[in-house]
Amino acid sequence: MTGATVPLGGRAEATDDDKSAWTALATMYRLTAGHRGTVTVATALTLLASALGLAQPLVARNVVDATGRGQVVWSLLLLLGVLFLMEAAAGAVGRFILERMGEGVVRQLRHGLVGRLLRLEMREYTRHRGADLISRVTADTALLREVVSEALVDLVTGSIVAAGAITLMAWLDPLLLLLVAATVAAAAAVVASLLSGIRCASEHMQNSVGAIAADLERALVSLPMVRVHRAEEREAAGIGARVDAAYGAGVRTAKLASVMSSAVELAVQGSFLIVLVVGGLRVSGHAGSLGDLVAFLLYASYLVLPLSSVFRAVGLVQRGMGAYQRIDEALHLTVEAAAPRIPGDRTSTARPTGPPLAREHPALTLHDVHFSYDPRRPVLRGVSFAVPHRRYVALVGRSGAGKSTVFALVARFYEPDAGAVLFDGRPAAELTREACRRGIAVVGQHTHVMHGTLHDNITYAVPDATQAEIRRVIELTGLEEVVARLPGGLSAVIGERGSTLSGGECQRIALARALLARPSLLLLDEPTSHLDAINEAAITTVMKNIAQECALLVIAHRMSTVQHADHIVVLQDGRTVAGGRHEELLASSALYRELAASQMLRPGGQPYAQGEVEAGRSAFAVPPARSDGGQT
């Protein structure tokens, strides 16, 4: 189970058998793997404290009997005080060890969850809401902490202490013990009937809490839109419905827990009253001594705590299973499979130090690539093109033609259903994702600017970048004015999702971050979509300069952005329908003419010479595929 550090055994399913108390206990016990030594020490200390407690009624009996004979036994009183203090000390140390162990289990679970969630296949993020996954790392693991740090040990020690107390009570008065056992058995039957309901209600409550987080995150991320459309009350009502659902599940859990608690309390109080009445009658009839009755009463009262802890622990384990179901589901989500590493391949660890040298194969080649998110709705139906080193290639087409999907395949977020994606002539399937991604950088249409300093955002891909490298990309992307304007310059804190910056500034920050990594292939998705005409012209010039250092693949709807590209690939309905330079496509491609005409873009200057056109065609042609999946 990649990414998980806690052995969980088999996956938990919500079947009737799995809902049994024993299965739940076994599942919770598996969570303590790696902490068994700590559990043993804590259990031993708790049992020692309980044994010291069990000895106290016997000493108290001797004190009462001695006092009845007119004796004052100071040594017994001193022993009683020592036993009490030792019980308190052993119990406190044991409880601390348990709490620390519980925090360790939660830490281990959270490490496993975080590591797995960051490596999930991209398809999983479309099936699950982000905030709900986050709640599994926070709220659900917090509930499990209480289970593993308290419930498991309480079950063991409570059962042993209860057995010890019952044994001593049987030695003192078997008849009174039978009466106590009858009332306890009635309470146990009530508790057993409530366990499955407690677990179901707890699971529903945890799911509702996750839904609250997911809906609230959606509203906060889109807060400007929510306010412009005056949808605050509608969003509040929708989230409020989730809150009400969590409230309902919580109330049901509390109702069942209160019934269980009341049953236990009634059993304990009833037992105490029965012992007091029947035992008093037996003492008055000379069927037993007052010391025996006092000791029995002490044991009966002493039995309250372990029995209560056992019943509470059983209920808590069932509540914890609701949280465990959600955690276990997250730990079984599909992660990206690691491709086999090629012996001697150092591409996954070596950081690029400069522009790529001239190479035999193109930086990127797509050969007859097919892909679909849903098998019933293909997105790419045969895409082929190449991006040579130090060349500027543009992808154009109507919305939905498959341009962004091409980028997703190049970034190895998904794998093609058919065809081949090659990096420097090597099939992507032969390389690790890390090796492929180390050579590329992506600037998406929706730029990712995170809360933190401007410096942190620019150096995200290369945390150890030098000041000279940082200054270079700042100058290259025209960020000098932004750095000078922000209080603190590079140390200025940027708001959540770049809320203190304009869209164009966020775009340039993302571009600087990508360039700092010195990729051999740079992917730009609508790089000028948030820029005015002046900044668009500046970024267009930057792209020309970037193409002198690395291969550049650009998605653009603005023809003015791509008309100076070395090669333009036209996509339509997931297919490559045309390719060439701007002037050539205006003459040969009806779709390209339509896209250009919609922006009133016409060829500027003289057309390319025939030799230049032929040279361009040969440079960007896709070589025929070999039988082994490579290129000739």
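I count a contact when heavy atoms lie within 4.5 Å. With that in hand, I looked at the predicted model as a whole: among contacts between residues at least 6 apart in sequence, 78% join residues at least 24 apart. My ground rules: this is a predicted model, where local features need pLDDT of at least 70 and side-chain atom pairs count only at pLDDT 80 or more, while totals for chains, interfaces and linings use all residues. Residues are numbered from 1 along each chain as its sequence is written, and side-chain values use heavy atoms, with hydrogens and water left out.

**Overview**

I found 21 helices and 12 strands in the protein; helices (H or I, at least four residues) and strands (E, at least two) are DSSP runs, numbered from the N terminus. Buried residues account for 47% of the 632 residues. Here buried means under 20% relative accessible area, exposed over 50%, and partly exposed in between, with a 1.4 Å probe and protein chains only. I also noted an accessible surface of about 30300 Å², with 60% of that belonging to carbon and sulfur atoms. The areas come from the Shrake-Rupley method with a 1.4 Å probe, and for residues only the protein chains shown count as cover.

**The open sheet**

Next I traced a sheet. Six strands form it, open and with mixed pairing, in the order β6-β9-β10-β3-β11-β12; two strands pair if DSSP finds at least two bridges between them. Which strands stand at the edges? They are β6 (440-443) and β12 (575-580), and each has a single partner strand, so one side of each is left without a neighbour in the sheet. Neighbouring strands of this sheet are turned by 20° against each other on average, direction ignored. For such angles, axes are lines fitted to C-alpha atoms (for helices over the stretch in contact), and angles run from 0 to 180 degrees between N-to-C directions.

I then checked what lies on the sheet. Helix α11 packs on it, touching β3 (392-396), β6, β9, β10 (551-555) and β11 (567-572), and its direction makes about 150° with that of β9.

V443 stands opposite L524 in β9.

**Strand β10**

Five of its five residues are buried, so β10 is largely enclosed by the rest of the structure. In a regular strand the side chains alternate between the two faces of the sheet. In β10, A551, L553 and I555 point one way, whereas L552 and V554 point the other way.

Which strands pair with β10? With β9 the pairing is parallel over five bridges, and L521 has A551 as its bridge partner. β3 also runs parallel to β10, joined by four bridges, and A394 stands opposite V554.

**Aromatic pairs**

My search of the whole structure gave three aromatic pairs. Rings of Phe, Tyr and Trp (its six-membered ring) pair if their centres lie within 6.5 Å; planes under 30 degrees apart count as stacked, over 60 as edge-to-face and the rest as tilted.

F371 and Y373 form an edge-to-face pair, 4.9 Å centre to centre with 85° between the planes. F371 counts as buried because its relative accessibility is 1%, and Y373, at 38%, counts as partly exposed. F371 and Y414 form a tilted pair, 5.5 Å centre to centre with 50° between the planes. This pair links distant parts of the chain: F371 is in strand β1 (residues 364-371), and Y414 is in the loop between α11 (403-410) and β4 (418-423), 43 residues apart. Both F371 and Y414 are buried. I can therefore jot down F371, at 1% relative accessibility, as a buried member of the one aromatic cluster formed by F371, Y373 and Y414.

**Helix α14**

Which residues of α14 (residues 467-476) are buried? I list I470, V473 and I474. Seen down the helix axis, they fall within an arc of 105°, so they line one face of α14; the arc is that of the directions from the helix axis to the C-beta atoms. Their cover includes α13 (454-458), α15 (480-485) and α16 (503-516). Just after α14, G478 takes a positive phi of about 70°.

**M205**

Last, I looked up M205, which sits in helix α6 (residues 174-221). M205 is buried, with a relative accessible area of 17%. Leaving out residues up to four places away in sequence, M205 touches A246, A249 and G250. M205 and A245 are 40 residues apart in sequence and 7.4 Å apart in space, C-alpha to C-alpha.
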